[in-house]
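Please read the points below with the structure open.

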Amino acid sequence: MAAAPEEPSAALRLDRVTRVFRAGGRRVVAVDEVSGRVERGAVTGLIGPDGAGKTTLMRLCAGLLLPDGGRIAVLGIDVTQAPAAAQARIGYMPQRFGLYEDLSVQENLDLYAELQGVPAAARGPRYDQLLHMTGLGRFTGRLAGRLSGGMKQKLGLACTLVRAPELLFLDEPTVGVDPVSRRELWAIVDHLTRSEGMTVLLSTSYLDEAERCRAVLLMHEGRLIGADDPARFTAGLAGRSFHVAARDFSKRRLHERLSGATGIIDATIQGAQVRIVTETAAPPSAAALLPDVPDARIVAVPPRFEDSFIALLKTGRRAGGMPPAASPPSAPAAPAAGGGDEVIVVRDLTRRFGSFRAVDNVSFSVRKGEIFGLLGANGAGKSTTFRMLCGLLPPSDGSLRVAGFDLGHAAAAARGRVGYMAQKFSLYGDLSVMQNLRFFSSAYRLKGERRRRRIAWAVEEFALGPVSSATSRDLPLGYKQRLALACALMHEPDILFLDEPTSGVDPLARREFWHRINALAEAGVTILVTTHFMEEAEYCDRLVIMADGRILATGDSESLKERLRSKERPDPTMEDAFVALIEAAGAERAA
Amino acid sequence: MRDSLGRLRGLLRKEFLQILRDPSAIAVAFLLPAFLLLIFGFGVSLDAHDVPVGVVVDRPDALAASFTGKLANSPYFQPRPFATIGEAEKALAAHEVTAIVWLREDFTRRALSGGEAPLGVIVNGTDANSARIIEGYVQQAWANWLQAEAAERGAPPPTPVAVQQTVRFNPAVSSRDYLIPGLIAMIMTLTGALLTALVIAREWERGTLEALMVTRATIREILLAKLLPYFLLGMGGMAASVILAVTVFDVPFHGSLAVLTATSAVFLLAALGMGLLISSVARNQFVAGQIAIITTFLPAFILSGFIFDIGSMPAAVRLITHVVAARYFVAILQTVFLAGDVWAVILPNALALAVMAAIFLGIARLSARKRLD
């Protein structure tokens, strides 16, 4: 590909592009000899987990960073030589949309129109077109800072489109917005490429978005590990994906058995079944795979894009994820005090900030040993609910019982029974792995022999030995996640709170993480988890779906999806179910 | 060219809208100056007024009473009699009095003989500055009293002759009159460097600068659009401070407005250049604020001659003061306010400011790139 002749059809050509960052004596190769091309008139997806080098590559293409090696041709222009010439013809939306939050929608549009040299006469019609497309027509006077995440994203897009660029770079436009807004954004992007012939390079860490792209550039740890039509990625895996179910065998035990089995490269829980991907196309026999499970049924299912990503990763380099649980995690120190079967009981919980209800009359209960999910987009009220459950924020109304203790009166006693892993892991970045373990064990008041034993357990269980003296800040995300979980489990809690635990972690590390969480649940630990990854809902025994501070639905993932099953949609996803619920709630409010 | 003006107009409009909508910029430009002026104008004073002084008279007689009476009538002292020096020292240790004036046994005899002053003065030296001032006041009071006594008795003035002091340019020797012009330099340093560094860091933080860089706007337009609004804001803050100083605090103004405006503009350019330089290093508001305070405001406060006299600093420190822009501006302001347009002071200092402004702005312009690294 490096020797490819000049082809006018490519909007973007990358030739062995390399970019190195130096941080505190460490050398990080963010983009490692990436070569590839983006065809005109279509959406190309730049896909990979956080830290794969997507944003760096985008910035290199936009002329915001200089490469350490290689050549980048944007619309035939060498962007290193003539960044201004290239920038005049491209559009670029950075991750946080580049909006001025104290300017109104109209003022943001005006600013970008002036900066892009759109003649005054041409502005009116263009604004109308953009406002119509983004549905922001009613909000032109509103400050950008007061728009919802989805609306900000659409305004950011409109601002980059005031002068139609030939090539549009969108850096993770769908991160942190709800599934409904995500779908609307994709509708706009499809419209731009189909009707206006625009070329779009869109980066994302959501693997399911790959299927909406014409072509996909797959990145992992700075390197391009695949570039092809998404259908062709999946085609290579035809006949290798199956659902496994057994009536008298819990899905978690089934998953446990299957994920270690030879010939299986991937096993995930999906509703009541376990989804597996095999190494070869030969259909596995239930008798060979699960000889002691008499009623195991194996059904072939169509492959997903994620399967091919996992297959590529597993056959290639190992990711810095979590090691498979070597020994069953230690059982909780003592059974939950009082409270019977239900260890978390939330009744009519409300939290107001001024006149705003962040959490509005929420009720649910969680049984011992259950994995319970709080699912919702950013701003749905998940984190606020969580903070109240941890006793970090007093509720405005309602009652909360955790491990048999009323949080209104005995928050400290309840906290002693709870392990908490916060968003972004909240480790002490300047401390080493071992120092973090020591600090958290003393914060939980472990002493003497028990403290020594628990630290040794954490190091062994999470395979932290090789990195024990490394500074936490410099660890790969997968290791940080392991360390954070180890710290949260230091005092052998019988309830574990996980706030967006897999955000940004690559799919392999995510699988290994869930594997461990499953083992904990099997051992009787109750787990409450928030996530905005719809597919992670599949791991939960039961879940609630939240939007605007309220619960839209409660149930297990199968029953939530079941409501939507129809002839047109024989196999709805969790996201379909979520979008349907949000739309129904919107219609109800409008009525 | 027309495109460039259009882009600049867009950026300027954005900047002004942001200033109008974000109360923090207005606060730094106008409320902070008012606040600092109030503190320094009313609260802080380097003058000694009504200093509590313990007076110990070993042998009370007419002459001793005459001297203590003189002390009591002075606006600077508030004498408190003590019977013994021991008691007075206890009060000094307890910070009840700041100094002790001790008229010993032989006070009258030695005062009349015209020899060495028979006065014992003990000053609490914790605050060396105040201690020296009080010491001087007591000496002055003593000299005045001696003269008055001699004149009353028709005798020639005693030797040594009391020094006749005349204070020029600040006849009232009011520290407020010389602190407030200096303070204006501090305020301009804050609005210039701190505000500029903060607003650019904010654009880094929110990712808006990244978006701007990929538009057709040039780096010159982006910098200019930051300089102009904050230049105007700084000059506005300056004007408000001067008006406050002259009207509320009765600071005399002997120079011309033209000189004040011109030199302020040059100083503000240097401060803004410093702010731009900081913003090229610091990409979040916290770090930008820290760097701006440490590299501009603190040196301006300590090393500009605003409070501490540069002439009495050690040579090495004195050398450092030459790179503190505020130093030149404080000299100009104090001259313009208290003495008038003294060109011998204004010209060299204004030249130094112009050189610094050119260097800071030049480096800022040359180091700025439409790139993230």
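1. The model is a predicted one, and the remarks below should be read accordingly.

2. In chain A, six strands make up an open sheet of mixed pairing, ordered β20-β21-β22-β17-β23-β24. Its edges are β20 (418-421) and β24 (550-555) of chain A, each of which pairs on one side only. On average, neighbouring strands of this sheet are turned by 15 degrees against each other, direction ignored.

3. At the end of that order, strand β23 (residues 542-547) of chain A is joined to β24(A) by five bridges, and the two run antiparallel. Within this pairing, A547(A) stands opposite R550(A) of β24(A).

4. The loop between β23 and β24 of chain A holds D548(A). Although D548(A) is not a glycine, its phi is positive, near 50 degrees. D548(A) has 18 other C-beta atoms within 10 Å and is therefore partly exposed, since a residue counts as buried at 20 or more and as exposed at 12 or fewer.

5. A second case is E33(A), a non-glycine residue with a positive phi of about 50 degrees. E33(A) belongs to strand β2 (residues 26-39) of chain A. With 16 other C-beta atoms within 10 Å, E33(A) is partly exposed. As background, most residues other than glycine have a negative phi.

6. Helix α15 (residues 477-488) of chain A lies across β20 and β21 (495-499) of chain A.

Conventions:
Residues numbered from 1 in each chain as written. Chains lettered and ligands numbered in written order. Predicted model: local features only at pLDDT ≥ 70, side-chain atom pairs only at ≥ 80, totals over all residues. Pairing = 2+ DSSP bridges. Helix = DSSP H or I, 4+ residues; strand = E, 2+ residues; numbered from the N terminus. Axes fitted to C-alpha atoms, helices over the stretch in contact; angles between N-to-C directions. Contact = placed C-beta atoms within 7 Å.
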